[in-house]
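Subject: A structure for you to look at

Dear colleague,

I am handing over a protein structure that I would like you to read alongside my notes. Please open it first and keep it in view while you go through them.

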Amino acid sequence: MNKIILNEAKICLRPEDEKSGRFIPFNVPEGISKLFITYAYTPKILGDKEKSYELIKQNLIRDAGEEWTEYTDYEEFMPLKNLVTLALHSPEGYRGAAHRQADSQYHEIGEGFASPGFLRSRPVAGHWELVLHVHALVTDVCICYVKIEGEVAE
């Protein structure tokens, strides 16, 4: 199997990136039979209990109002986790998504097989985009690593 790297990225996310998308463009040349996406982010869990409690309190007040200021059962929300998922778009449109909790993922997209959540078909040549969906960011920094490879058809 002969693979070529189509894009490799390291992205630094911060709390202000929450509820946004980060677009990672890449070009698929003619002759690619399969795509491989390796993806990871770190950290997954906010380890600071006091900061976790403060974030929970802030969000309860934001979403439910001041009556939640006396709520004390924060343990039911623990541990707080970052959540960054991915979606894939081709020149032909939406190709699928991996909205999973795992902070390390591997996906394949090809004519004979596609990882769950993605459409099975041969990758078309042209401009593609991988989108990182930043659902929740509870740490001061979250580093995402993405590697997109293509298998050259023989």
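This is a predicted model: local features need pLDDT of at least 70, side-chain atom pairs count only at pLDDT 80 or more; totals for chains, interfaces and linings use all residues.

Residues are numbered from 1 along each chain as its sequence is written, and side-chain values use heavy atoms, with hydrogens and water left out.

The protein has 1 helix and 8 strands, where helices (H or I, at least four residues) and strands (E, at least two) are DSSP runs numbered from the N terminus. Along the sequence these elements come in the pattern β-β-β-α-β-β-β-β-β. The C-alpha trace spans about 65 × 25 × 25 Å along the principal axes of the protein. The radius of gyration of the protein is 19 Å, whereas a compact globule of 154 residues would have one near 15 Å; this radius is taken over C-alpha atoms, and the globule rule is 2.2 Å times the number of residues to the power 0.38.

Of the 154 residues, 39% count as buried, a word that here means under 20% relative accessible area, with exposed meaning over 50% and partly exposed in between (1.4 Å probe, protein chains only). If we take the contacts between residues at least 6 apart in sequence, 76% of them join residues at least 24 apart, and contact means heavy atoms within 4.5 Å.

Where do the nonpolar residues gather? In soluble globular proteins, nonpolar side chains tend to be buried together. The largest nonpolar core has 28 residues, and those with the most contacts inside it are F26, Y39, V84, L130 and L132; such a core is a set of buried Ala, Val, Leu, Ile, Met, Phe, Trp, Tyr and Cys residues joined through side-chain atoms within 4.5 Å. Two or more residues each come from β1 (3–13), β2 (20–28), β3 (32–42), β4 (83–90), β7 (126–136) and β8 (142–152), and β3 gives the most, with 5 residues. Leaving aside neighbours within four places in sequence, L132 is in contact with residues including I11, I24, Y39, V84 and V146. A second, separate core of 7 residues includes L46, L60, Y74 and L80.

Beyond its neighbours within four places in sequence, Y41 is in contact with several residues, among them L83, V84, A102 and C144.

S52 lies in helix α1 (residues 49–64) and is buried, with a relative accessible area of 0%. Not counting residues up to four places away in sequence, S52 touches L46, M78 and L80.

Not counting residues up to four places away in sequence, H99 touches T85, L86, H133 and H135. The C-alpha atoms of H99 and A87 are separated by 7.8 Å, although these residues are 12 apart along the chain.

With best wishes
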